[in-house]
Amino acid sequence: MCVYKRYFCEKTEVYRVGGDEGKNHHHHYYQHTTLPTPLAENRQFGSKMTDSKYFTTTKKGEIFELKAELNSDKKEKKKEAVKKVIASMTVGKDVSALFPDVVNCMQTDNLELKKLVYLYLMNYAKSQPDMAIMAVNTFVKDCEDPNPLIRALAVRTMGCIRVDKITEYLCEPLRKCLKDEDPYVRKTAAVCVAKLHDINAQLVEDQGFLDTLKDLISDSNPMVVANAVAALSEIAESHPNSNLLDLNPQTINKLLTALNECTEWGQIFILDCLANYTPRDDRESQSICERVTPRLSHANSAVVLSAVKVLMKFMEMLPKDLDYYGTLLKKLAPPLVTLLSAEPELQYVALRNINLIVQRRPEILKHEMKVFFVKYNDPIYVKLEKLDIMIRLASQANIAQVLAELKEYATEVDVDFVRKAVRAIGRCAIKVEQSAERCVSTLLDLIQTKVNYVVQEAIVVIKDIFRKYPNKYESVIATLCENLDSLDEPEARAAMIWIVGEYAERIDNADELLESFLEGFHDESTQVQLQLLTAIVKLFLKKPTETQELVQQVLSLATQDSDNPDLRDRGYIYWRLLSTDPVAAKEVVLAEKPLISEETDLIEPTLLEELICHIGTLASVYHKPPSAFVEGSRGVQHKRLPGSAASGESVESPDTGSAPVASEAPPAVIPSQDLLGDLLNLDLTPTTTTGPPPPSSAMQMGAMDLLGGGLDSLMGDESEPLGGDLGGSPAMTAGFGAPPTAGPPSFTAPVSGGLDDLFDLGGGVGMSMGAYVPPKMLWLPAMKAKGLEISGTFGRRAGVVQMEMTLTNKAMSVMTDFAIQFNRNSFGLAPAGPLQVLTPVSPNQSIEAVLPLNTVGPVMKMEPLNNLQVAVKNNIDVFYFSCQYPISMLFVEDGKMERQVFLATWKDIPNENESKFQLNDCHLNADAASSKLQGSNIFTIAKRTVEGQDMLYQSMKLTNGIWVLAELRAQAGNPNYTVSLRCRAPEVSQCVFQSYEAVLKN
């Protein structure tokens, strides 16, 4: 609450806090009130004064004196007293004791005094609810005042008084104001409904205010329409299952008509509402885009971003070969470029949004590279964002320009910016192959500057270039080795150690270089220690005679002297490999590395889709979905872009071929500065050749799960990712047999087999047998539903979830007018259409009904997770029942994970997220089980057999994007299976196991 003072002016304004409907009604804005001029006051009080007099501290009995003045018969004295009370309130003094006296001043024709009293009332009504009831009569009276300003003032204040006791008295005045002849009153009343709903939702619904609000969408005044939309959107957000904004083409047309005439804030409300609409087809989509496009030239950047959000969403439905599609792309670029000429804070918001847009549609800004070049006076946060977008837009056509800029940036004074610029040069080399040579020579020039942090960043990115273009630029290694002594940052040291280990055969003194790092082994960071361990093992395998002592020294340091479990585990694995089968060790450790991905730090596609739907909001600046930072129910609904013919296409990089964005998992990325540069980034690959397996006599099944299980049976085989280079996951390092003499006593020999046989799916994993549908169960007995009996089941057919029901009429009368509704549930299940019972159901008649379902309804975690609460209505009554659906019907058809992604994901999910279950009395072999499960979208990624035990590695994906990974073990002749499940949301594991049980036993 504020009273602002303006000195030496002809007019003084008291700003009151209230919900200005022209602005966003989440907040309070200021309403101007003109007070008498100081000259008049001076004449009256005989001295030259301004409003500052109200803020001066007075004598002891201040409250007592104010009380006397408030009860004065003189109007002017009263007004002065109220001003003093408001001033005291503004500076934080407690003047609540004066509540009855101030409320008595409400009975006045003076608009200025009335506003001051209302201001006081809003502040103290909550602490004095019994007294606030005294004001009700005045509100009711003011809502019928001939002056529309007073009517609006009364209804606005009513909305701001959050006292349950008096809300019911305010319903009648509010109802009148919602139908007031003056649009100013109506628009104020619309916002008041949203505020009242926040205090008492049930009251608003019972009084029918929501229907009145919906009617206001057809109002003749555009500002009333905008405020009605804003109020309904606000209510719909906090009550997602209310389906208030039932958008249809007629409503959309009304909103688009109002869009051209209302204020900028009204336009934002309407555009945000349009963004929640899904057009029926591409023609409707194009028509809406054509009518929204003029908003792109609006002066308010919030309007521009809201318009961009609508267009980005509706473009998804336009065919790419349409002429209008190309025109729209061209129209989107200028407004985005214009946003970059605003002040730095706005530029930053615009850049964060552009970053999302460029990831989804790089072609929009592919010719606008120059606007992202950094200016010398840009703040650092703007510089770093621009740099990121430059890399995203880099292509063969503009790479020369980009490199020239980046080289310039690398000589700046700002250290963070220089680091990012050097890294960006490396990213260019990886993204645009034709520029790689030029990038490498640029990096070598930068290394020659001998500026410490520049050299270190350059070495980190050169390591990535070696990974992308093996055997091409190794001539620069000598230059890198010269700078070995100056490296003091863990990431640079780790990168240099990797280079020395990887190319040890080309570096004469590789052993000396690595030995120099070994001297301070325990002082190094984990990242460097892990890298050093692997590099020395690589060196030993390349030059075994010269480095035996060195490898024993590092294995001893890593296993016996280290407290770090990751390091110890990796050391033990290498020790086991080297001591039992050096040939296998060589194939594992020196396996060919996969090339790294050309695009880096892409946002995961489903998250990107959601963020595009939130352009212009805080989510688009944080690059996080609202549910990650908004507490409570608001913002939890996940928005998705509409499907289209183009939805499955890859997003193309400008001027370079395509950079496909996989829907299953984001591409592998170059580790950014804050990622643990652990060996996962280097060696995630299956071997290309198979060495002789270690003797099977060393294998002891009883010794499995030594460290807690996981892909334990794959542990010691020729999979470097699961063995050596998944360091950091104890679950991956389990599964040794009896110890050979050379190794540490507590560990045992590795399991036989290799990744080749793990991923050999030729062993009879059969075709799918079709999805499993449980038998129908009785959901609603006739005695509980006045004769209506419902039994049913759930199934998934052709990718659509269905509720299949038998409705039986056991009453004496005909049943008609069936409808169905679901409560909020764990996976957002909702009817995709009405319940189709086309003919009346006669007594003793049964009828079959199939209800298609979608998963875009409101979400609320249920207990148990797969519980569904249903309401069914007919001409007799409404009936309620609960049922449980098998979670397998939510397994989607694209749930088959890539093998390498599976390995990395299993490692990435924490051990505590693993659940183990025993499946008894299952008389199927592994191939039959795999085939049966595949019918329910549980996909087998790999199968292997060890000592007569079959192991299936499986993945499935739920409709909400949660992946579940599984390991199924079956022993020939043994009807009991073991199922291990890993998931980032472990609460689904129990339901998933129930699905395994149901599918395999039926």
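A disulfide here is a pair of cysteine sulfur atoms within 2.5 Å of each other. The close-ups below come from a predicted model, in which local features need pLDDT of at least 70 and side-chain atom pairs count only at pLDDT 80 or more, while totals for chains, interfaces and linings use all residues. Residues are numbered from 1 along each chain as its sequence is written, and side-chain values use heavy atoms, with hydrogens and water left out.

**View 1. Cysteines without a disulfide.** The structure holds zero disulfides. Look at Cys-143: its closest cysteine sulfur belongs to Cys-177 and is 4.0 Å away, too far for a bond. Cys-171 is in no disulfide either, and the nearest cysteine sulfur, in Cys-192, is 9.6 Å away. Cys-143 is buried at 5% relative accessible area, and Cys-171 is buried at 2%. For these views, buried means under 20% relative accessible area, exposed means over 50%, and partly exposed lies in between (1.4 Å probe, protein chains only).

**View 2. Strand β13 inside an open sheet.** Helices (H or I, at least four residues) and strands (E, at least two) are DSSP runs numbered from the N terminus, and two strands pair if DSSP finds at least two bridges between them. Five strands form an open sheet in the order β11-β15-β14-β13-β12, with antiparallel pairing. Its edge strands, β11 (914-919) and β12, each pair on one side only. From one strand to the next, the twist averages 20°. Nine of the nine residues of β13 (residues 949-957) are buried, so this strand is largely enclosed by the rest of the structure. In a regular strand the side chains alternate between the two faces of the sheet. In β13 both faces are covered, with Met-951 and Tyr-953 among the buried residues on one side and Leu-952 and Met-956 among those on the other.

**View 3. The two hairpins of β13.** Strand β12 (residues 939-946) runs antiparallel to β13 and is joined to it by seven bridges, with Arg-944 opposite Met-951. Two residues separate β12 and β13 in their hairpin, and Glu-947 in the turn has a positive phi of about 50°. On to the next neighbour: β13 and β14 (residues 963-971) pair in the antiparallel sense over nine bridges, and Leu-952 stands opposite Leu-968. Five residues lie between β13 and β14 in this hairpin, where Gly-961 in the turn has a positive phi of about 90°.

**View 4. Helices across the sheet.** Helix α37 (residues 899-908) lies across β11, β12, β13, β14 and β15 and runs at about 95° to β14. Helix α39 (residues 989-1001) lies across β11, β13, β14 and β15, at about 25° to β11. Contact means heavy atoms within 4.5 Å; axes are lines fitted to C-alpha atoms, for helices over the stretch in contact, and angles run from 0 to 180 degrees between N-to-C directions.

**View 5. Helix α20 and its surroundings.** Helix α20 (residues 344-360) has 17 residues and reaches 24 Å from its first C-alpha to its last, close to the 24 Å expected at 1.5 Å a residue; the expected span is 1.5 Å times one less than the number of residues. Of those 17 residues, 12 are buried, so α20 is largely enclosed by the rest of the structure. Leu-351, Ile-354 and Val-358 are among the buried residues, which pack against α18 (301-315), α19 (323-339), α21 (380-393), α33 (605-612) and α34 (618-622).

View 6. A salt bridge is a side-chain nitrogen of Lys or Arg within 4 Å of a carboxyl oxygen of Asp or Glu, and a search of the whole structure finds 40 of them. Glu-609 forms one with Arg-360, the closest N and O atoms being 4.0 Å apart. This pair links distant parts of the chain, with Glu-609 in helix α33 and Arg-360 in helix α20, 249 residues apart. Glu-609 and Arg-360 also belong to a salt-bridge network with Glu-316, Arg-361 and Glu-363. Elsewhere, the side chains of Glu-491 and Arg-423 meet at 3.1 Å, N to O. Glu-491 lies in helix α27 (residues 490-502) and Arg-423 in helix α23 (residues 415-431), so the pair ties together parts that are 68 residues apart in sequence.
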